[in-house]
Amino acid sequence: MKGWPFVNTASERRAATLAVIVLVQALCAMFFLGDIIDDVMTADAFFELHSAVELLAAIGLSAGVVFLMFELRGVLNRMDRLDRGVRAARGEMADLIEQMFEQWALTPSERDVALMVVKGYGNEAIAEMRGTAQGTVRAQCTTLYAKAGVEGRAQLLSIFMEELLAQDGSA
């Protein structure tokens, strides 16, 4: 299942697995039902043990199909709720970052650097992406930390985490 192009997360793998199981069970149930119908049409063998076992298997497989369809629906609903939650958290984080940047009165260059710092990039990577010298990035980070009232990257990130995790919206 790892190589499936449309399956990216554990939840998607679980949903795809359930869908495949539902399909296999439905095919098996249809096979047994078709065999039972064939047995009844060709001979009066409906009351034989063989036919009774096939009927029980078909009923069990059909019940499994129904159960797994409900389970698949539940998995898909949970995935949808989680996806909406992640999108909301991303939006809240973006809003929070923007509010803090405004509060700190960062210049456009400092905002770019600050956003890259929050994303976890080092000075060298930031300098390369922005086409500036590492010394310039270090100076902008120093100014950023001073405006934010922190001593470094870890404290800068902790400001955002505290704000996001605060129960009542105030850190």
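**Entry 1: Phe101 and Trp104**

I began with Phe101 and Trp104, and I noted that both of these residues are buried, keeping in mind that what I have open is a predicted model. I then looked up how the two rings sit relative to one another, and found that Phe101 and Trp104 form an aromatic pair of the tilted kind, with 6.3 Å from centre to centre and 40 degrees between the planes.

**Entry 2: the aromatic pairs**

I asked myself how many aromatic pairs the structure holds, and the count came to two. Besides the pair already written down, I found Phe31 and Phe32, whose rings are arranged edge-to-face, at 5.5 Å centre to centre and with 70 degrees between the planes. The label follows because planes over 60 degrees apart count as edge-to-face.

Are Phe31 and Phe32 buried, partly exposed or exposed? I looked up each in turn: Phe31 has a relative accessible area of 55% and is exposed, because the cut-off for that word is over 50%. Phe32, at 24% relative accessibility, is listed as partly exposed, since its value falls between the limits of 20% and 50%.

**Entry 3: the chain as a whole**

I stepped back to the fold and recorded that the protein chain has six helices and zero strands, which reads along the sequence as the pattern α-α-α-α-α-α. Of the 171 residues in the protein chain, I noted that buried ones make up 27%.

Which residues form a nonpolar patch on the surface? I found Leu23, Leu27 and Met30, which together have about 330 Å² of accessible area. I placed one of them, Leu27, in helix H1, which covers residues 10-42.

**Entry 4: Ala154**

My last stop was Ala154, which I located in helix H6, the helix made of residues 153-165. I marked Ala154 as exposed, because its relative accessibility of 63% lies over the 50% cut-off. I then compared Ala154 with Val118, and noted that the two are 36 residues apart in sequence, while their C-alpha atoms are 9.4 Å apart in space.

Key
Residues are numbered from 1 along each chain as its sequence is written. This is a predicted model: local features need pLDDT of at least 70, side-chain atom pairs count only at pLDDT 80 or more; totals for chains, interfaces and linings use all residues. Side-chain values use heavy atoms; hydrogens and water are left out. Rings of Phe, Tyr and Trp (its six-membered ring) pair if their centres lie within 6.5 Å; planes under 30 degrees apart count as stacked, over 60 as edge-to-face and the rest as tilted. Buried means under 20% relative accessible area, exposed over 50%, partly exposed in between (1.4 Å probe, protein chains only). Helices (H or I, at least four residues) and strands (E, at least two) are DSSP runs, numbered from the N terminus. Patches are made of residues with over 30% relative accessible area and no salt bridge: like charges are joined within 9 Å, nonpolar side chains (Val, Leu, Ile, Met, Phe, Trp, Tyr) within 5 Å. Accessible areas come from the Shrake-Rupley method with a 1.4 Å probe; for residues, only the protein chains shown count as cover. A salt bridge is a side-chain nitrogen of Lys or Arg within 4 Å of a carboxyl oxygen of Asp or Glu.
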